[in-house]
Amino acid sequence: MNDLLFMQEALKEAYKAYIKGEVPVGAVIVKDDKVIAKAHNLRETLKDPTSHAEIIAIRKATDVINDWRLTGCTLYVTIEPCPMCAGAILQSRIDRLVVGSKDEKGGACGSRIDLMKHNLFNHNVDVTFGILENECSDIMKNFFKTLRRK
């Protein structure tokens with residue numbers, strides 16, 4: 001697996017968000033060792049609370065493969081997904097989720113709550129944490145530190 005390589009691609013997306021003044025989260029979806037979708041947060045730009053990196057990447061990936069089921073896919077995301085995104089990950093049938101850094105305040109994949117392993121759902125997602133954890137955490141910390149100075 002090329003977890004490091006694909007998380008670097010997700011970090012590039014996070015930097016795009018950072019430059020736009022968006023919360024710097026990046027996401028990449030991979031199938032058969034090929035990137036099929038990339039995205040970053042666009043909530044402020046689009047004035048849309050659902051425009052999280054994960055949701056946008058899922059929409060792009062379903063367009064690429066022409067199916068709502070993303071079985072056989074891995075989602076790389078710089079920060080642990082929120083409950084909305086965790087739900088979308090489950091609904092899209094993504095097999096594996098690779099997370100850079102945990103979100104202790106709002107993460108829904110193991111930190112605050114864990115929707116990925118909940119027995120009530122018909123799909124479970126294999127979750128890996130800590131790939132480029134410091135880099136993924138640092139971009140968030142720097143973004144909010146800069147925001148507080150304004």
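In which helix is the place of Arg148? Arg148 sits in helix H5, which covers residues 133-149, where helices (H or I, at least four residues) and strands (E, at least two) are DSSP runs numbered from the N terminus. The model is predicted, so that local features need pLDDT of at least 70 and side-chain atom pairs count only at pLDDT 80 or more, while totals for chains, interfaces and linings use all residues. Residues are numbered from 1 along each chain as its sequence is written, and side-chain values use heavy atoms, with hydrogens and water left out.

**Surface charge**

- Arg148 is exposed, with a relative accessible area of 64%; buried here means under 20% relative accessible area, exposed over 50%, and partly exposed in between (1.4 Å probe, protein chains only).
- Together with Lys105, Lys141, Lys145 and Arg149, Arg148 forms a positive surface patch.
- Such patches are made of residues with over 30% relative accessible area and no salt bridge, like charges being joined within 9 Å and nonpolar side chains (Val, Leu, Ile, Met, Phe, Trp, Tyr) within 5 Å.

- In helix H4 (residues 83-91), the buried residues are Cys85, Ala86, Ala88, Ile89 and Leu90.
- The cover over these buried residues of H4 includes helix H3 (53-65), strand E3 (73-79) and strand E4 (96-101).
- Arg93 follows H4 and has a positive phi, near 65 degrees; Arg93 is found in the loop between H4 and E4.
- Arg93 is buried, with a relative accessible area of 19%.
- Leaving aside neighbours within four places in sequence, Arg93 is in contact (heavy atoms within 4.5 Å) with Trp68, Arg69, Leu70, Thr71, Asn122 and His123.
- The C-alpha atoms of Arg93 and of Lys141, a residue of the positive patch, are separated by 31 Å, with the two residues 48 apart along the chain.

**Strand E3**

- Thr74 has its place in strand E3 and counts as buried, at 13% relative accessibility.

**Salt bridges**

- Side chains of opposite charge can pair when their charged atoms come close.
- The structure holds 6 salt bridges, each defined as a side-chain nitrogen of Lys or Arg within 4 Å of a carboxyl oxygen of Asp or Glu.
- Glu9 forms a salt bridge with Lys12, the closest N and O atoms being 3.0 Å apart, and both residues lie in helix H1 (residues 3-20), 3 residues apart, or about one turn of the helix.
- Glu9 is buried, with a relative accessible area of 18%, whereas Lys12 is partly exposed, at 48%.
- Glu9 also meets the side chain of Lys38 in a salt bridge (3.1 Å, N to O); because Lys38 lies in strand E2 (residues 34-40) and Glu9 in helix H1, the pair ties together parts that are 29 residues apart in sequence.
- Lys38 is partly exposed, with a relative accessible area of 33%.
- The side chains of Arg69 and Asp67 meet in a salt bridge at 3.5 Å, N to O, and both count as partly exposed, Arg69 at 40% relative accessibility and Asp67 at 31%.

Methods. Areas by Shrake-Rupley, 256 points an atom, 1.4 Å probe, with all protein chains shown as cover. Lys, Arg positive; Asp, Glu negative; His and termini not counted. Charge placed at Lys NZ, Arg CZ, Asp CG, Glu CD.
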